[in-house]
Amino acid sequence: MTNIASVLKSEISRIARKEVRSEIDSLKKASAQYRGAIAQLKREVSDLQNQLERARGAAGDSKVARSVDADTPRRFSATRLATHRSKLGLSAAAYGKLIGMSGATIYLWEQGKSRPNADQLQKLAAIRTLGKRAVLAKATE
């Protein structure tokens with residue numbers, strides 16, 4: 001009886017290994033397909049990100065060009081003006097000098113007690129398109 005039991009046990013083990021091997025092979029094939037699909041999706045995402053960066057760059061260039069157009073209507077925000085001036089590290093008088101206004105006028109704009117007219121808004125927009133170094137160089141002139 002022990003001989004039959006050992007033969008039966010070895011046969012069950014052999015069949016189990018065969019079944020496991022066939023299952024593992026199908027899983028390996030599926031895994032390889034998934035890896036290929038993932039790699040393809042990563043390439044597509046990378047291409048789309050590159051296209052988006054190029055589109056943003058082109059839109060940014062046209063945005064700068066449009067920002068100095070006199071025909072474009074401008075909006076005004078007192079807090080944004082104050083934030084921009086503080087980022088540049090300029091006093092209200094120095095900032096006003098860039099635009100051709102007094103420091104008191106800039107201060108009143110920042111407080112929301114008065115608003116710039118259309119011409120002054122265009123000058124503010126032109127200042128906002130410049131970098132910090134360019135603004136500081138212009139302020140020291």
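Leu81 is buried, having a relative accessible area of 6%, where buried means under 20% relative accessible area, exposed over 50% and partly exposed in between, with a 1.4 Å probe and protein chains only. This residue is found in helix H2. Helices (H or I, at least four residues) and strands (E, at least two) are DSSP runs, numbered from the N terminus. Apart from neighbours within four places in sequence, Leu81 is in contact with Phe76, Tyr95, Ile106, Trp109, Glu110 and Leu124; contact means heavy atoms within 4.5 Å. Between Leu81 and Ile106, 25 residues apart in sequence, the C-alpha to C-alpha distance is 8.7 Å.

**Basis and confidence**

This is a predicted model, in which local features need pLDDT of at least 70 and side-chain atom pairs count only at pLDDT 80 or more, while totals for chains, interfaces and linings use all residues. Residues are numbered from 1 along each chain as its sequence is written, and side-chain values use heavy atoms, with hydrogens and water left out.

The pLDDT is the predictor's confidence in each residue, from 0 to 100. Its mean over the chain is 86, and 89% of the residues reach 70 or more. Among the elements of the chain, H4 has the highest mean pLDDT (91), and helix H6, residues 132-140, has the lowest (83). Over residues 63-67 the pLDDT is below 50, and this stretch has six contacts in the model beyond near neighbours in sequence.

**Overall composition**

The chain contains six helices and zero strands. Of its 141 residues, 18% are buried. Among contacts between residues at least 6 apart in sequence, 60% join residues at least 24 apart.

**Packing of the helices**

Axes are lines fitted to C-alpha atoms, for helices over the stretch in contact, and angles run from 0 to 180 degrees between N-to-C directions.

| Helix pair | Angle | Axis distance |
|---|---|---|
| H2 (residues 78-88) and H4 (residues 103-111) | about 130° | 7 Å |
| H3 (residues 92-99) and H5 (residues 118-129) | about 105° | 9 Å |
| H3 and H4 | roughly 100° | within 7 Å |

Angles under 35 degrees count as roughly parallel, over 145 as roughly antiparallel, 65 to 115 as roughly perpendicular and the rest as oblique. H2 and H4 are therefore oblique to each other. On the H2 side, Ala78, Leu81, Ala82 and Arg85 make the contact, and on the H4 side Ile106, Trp109 and Glu110 do. By class, five residues of this contact are nonpolar, none is polar and two are charged. Here Ala, Val, Leu, Ile, Met, Phe, Trp, Tyr, Cys and Pro count as nonpolar, Asp, Glu, Lys and Arg as charged, and the others, Gly among them, as polar.

H3 and H5 pack at an angle of about 105°, which makes H3 roughly perpendicular to H5. Their contact brings Tyr95, Leu98 and Ile99 of H3 to Lys123, Leu124 and Ile127 of H5. It has five nonpolar residues, no polar residues and one charged residue.

The axes of H3 and H4 cross at roughly 100°, and H3 is thus roughly perpendicular to H4. In H3, the residues Ala92, Ala93, Tyr95, Gly96 and Ile99 meet Gly103, Ile106 and Trp109 in H4. This contact has six nonpolar, two polar and no charged residues.

**An aromatic pair**

The structure holds one aromatic pair. Rings of Phe, Tyr and Trp (its six-membered ring) pair if their centres lie within 6.5 Å; planes under 30 degrees apart count as stacked, over 60 as edge-to-face and the rest as tilted. The ring centres of Phe76 and Trp109 are 6.4 Å apart and the planes stand at 70°, so the pair is edge-to-face. Phe76 lies in the loop between helix H1 (2-67) and H2, and Trp109 in helix H4, so the pair ties together parts that are 33 residues apart in sequence. Phe76 and Trp109 are both buried.

**Two further buried residues**

His84 lies in helix H2 and is buried, with a relative accessible area of 11%. Neighbours within four places in sequence aside, His84 is in contact with Tyr95, Ile127 and Arg128.

Ala125 belongs to helix H5 and counts as buried at 12% relative accessibility. The C-alpha atoms of Ala125 and Arg75 are separated by 9.6 Å, although the two residues are 50 residues apart along the chain.
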